[in-house]
Amino acid sequence: MKAGKLPIEHLEKVLNNLRSTDPRIVAGPAPGEDASLIDMGDRYLVATTDPITFTTNQIGWYVVNINANDVAVMGGEPKWMMTTILLPENYNENSIDQIFQDITEACRQLNISVIGGHTEITAGIDRPLISGVMLGEVKKGSEIKSSGANIGDSIILTKAIPIEGCAILANEAVTKLRENGIEESLIYESQNLIYNPGISVVKDASIAIKSGEITAMHDITEGGIAGGLMELSYASNLGVHIIREDIPEIPQAKQFSDLLGLNILGMIASGSLLICAHPKYDSTILRNLNNNGIKATKIGVMKDLDYGLKMTENEHVHDLPKFETDEIARFLSNQSQQIKTH
């Protein structure tokens, strides 16, 4: 199989065998949902887990923010973190220290406590691998699920895409970018996209929730905005229509994607949040996000299921592109194969 997420249809099939009889599990594993909800009395425990597999740079920073995002889009406040860190035998102490420093700093900024985990030197791997578990909480009645979107809901996107994709390319494809004339200043700026504007959507989600009645939110990760919209559609059992020209892009995104033969719509895009809300809340949500320094744009609308996933581009309507694997994962896999054959 190709690198990347398990196809959503296959995922649903295997998850159907994991049904729990525990009545306290309000929202369990389901395609398109970012986290689970467990009844804890007056509130729900929000639980999620995610690994970092595309990059080896700043993985401590990534693992905290990516997992915190999944709690935030469920309406929750991320609070407790655990990590499993697997390190190759040739890894040095300074690099190990840096991972923990990044975890500590990311948690400090989001007021998250590290409550445990596991770290080991592992035979048979050639790069560090890290997976996180994030726990948070949300008051009952304030939870949000990807399945909550309604026909006619506006689709709002925060920031611009693909923040994480461009940052990964600036680190993992730096030689190729330099060979194609990309200036060092732009490469450095792109490497720092994970800090500015950042890959966290915790603030985005919090502002949106306070601005109006949010029906659904979804974190754009592996598979890019196309994958995020597909997962949102799958979870809500609805169709989608978006306007390609309304999707804001990181300034260097087209330059990087053209040079490397990638499609921006399929590139991992953590740092941007998809928000669904009734149209009457559009202006308030957009205004409050923009007033707080978070660019927000309406990019489309939720449709009935039979409509499918459509996109208007250059005044023509066609199907939203579908990617078998994330464009960054495809690029990195091709790079690895090229190295092995030389």
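This report describes the packing of helix 7 and the seven-stranded sheet it touches in a predicted model.

## The sheet

Seven strands form an open sheet in the order 8-10-7-11-9-12-13, and the pairing is mixed. Strand 8 (214-219) and strand 13 are the edge strands, each pairing on one side only. From one strand to the next, the twist averages 25°.

Helix 7 packs on this sheet, where it touches strand 7 (154-158), strand 8 and strand 10 (273-277). The direction of helix 7 makes about 170° with that of strand 8.

Strands of a sheet pair through backbone hydrogen bonds, in either the parallel or the antiparallel sense. Strand 12 (residues 309-313) and strand 13 (residues 316-319) pair in the antiparallel sense, over four bridges. Lysine 310 has aspartate 319 in strand 13 as its bridge partner, and methionine 311 stands opposite histidine 318 in strand 13.

The hairpin of strand 12 and strand 13 has two residues between the strands. Asparagine 314 in this hairpin takes a positive phi near 55°.

## Helix 7 against helix 2

Helix 2 (residues 59-72) packs with helix 7 at an angle of about 15°, and their axes are 9 Å apart. Angles under 35 degrees count as roughly parallel, so helix 2 is roughly parallel to helix 7. Helix 2 passes helix 7 in a left-handed crossing.

On the helix 2 side, the contact is made by Ala68, Asn69 and Ala72; on the helix 7 side, by Val202, Ala205 and Ile209. By class, the residues in the contact of helix 2 with helix 7 are five nonpolar, one polar and no charged.

## Helix 7 against helix 10

Helix 7 (residues 202-211) also packs with helix 10 (residues 282-291), at an angle of about 140° and with the axes 9 Å apart. Helix 7 and helix 10 are therefore oblique to each other, as angles count as roughly antiparallel when over 145 degrees. The crossing in which helix 7 passes helix 10 is right-handed.

Helix 7 contributes Asp204, Ile207, Ala208 and Ser211 to this contact. These residues meet Thr284, Ile285, Asn288 and Leu289 in helix 10. The contact of helix 7 with helix 10 has four nonpolar residues, three polar and one charged.

## Summary of helix 7

Helix 7 packs on the sheet, lies roughly parallel to helix 2 and is oblique to helix 10. Its crossing with helix 2 is left-handed, whereas its crossing with helix 10 is right-handed.

Note on methods
Residues numbered from 1 in each chain as written. Predicted model: local features only at pLDDT ≥ 70, side-chain atom pairs only at ≥ 80, totals over all residues. Heavy atoms only, no water. Axes fitted to C-alpha atoms, helices over the stretch in contact; angles between N-to-C directions. Parallel < 35°, antiparallel > 145°, perpendicular 65-115°, else oblique. Left-handed = near helix turned anticlockwise from the far one by under 90°. Contact = heavy atoms within 4.5 Å. Nonpolar A, V, L, I, M, F, W, Y, C, P; charged D, E, K, R; others polar. Pairing = 2+ DSSP bridges.
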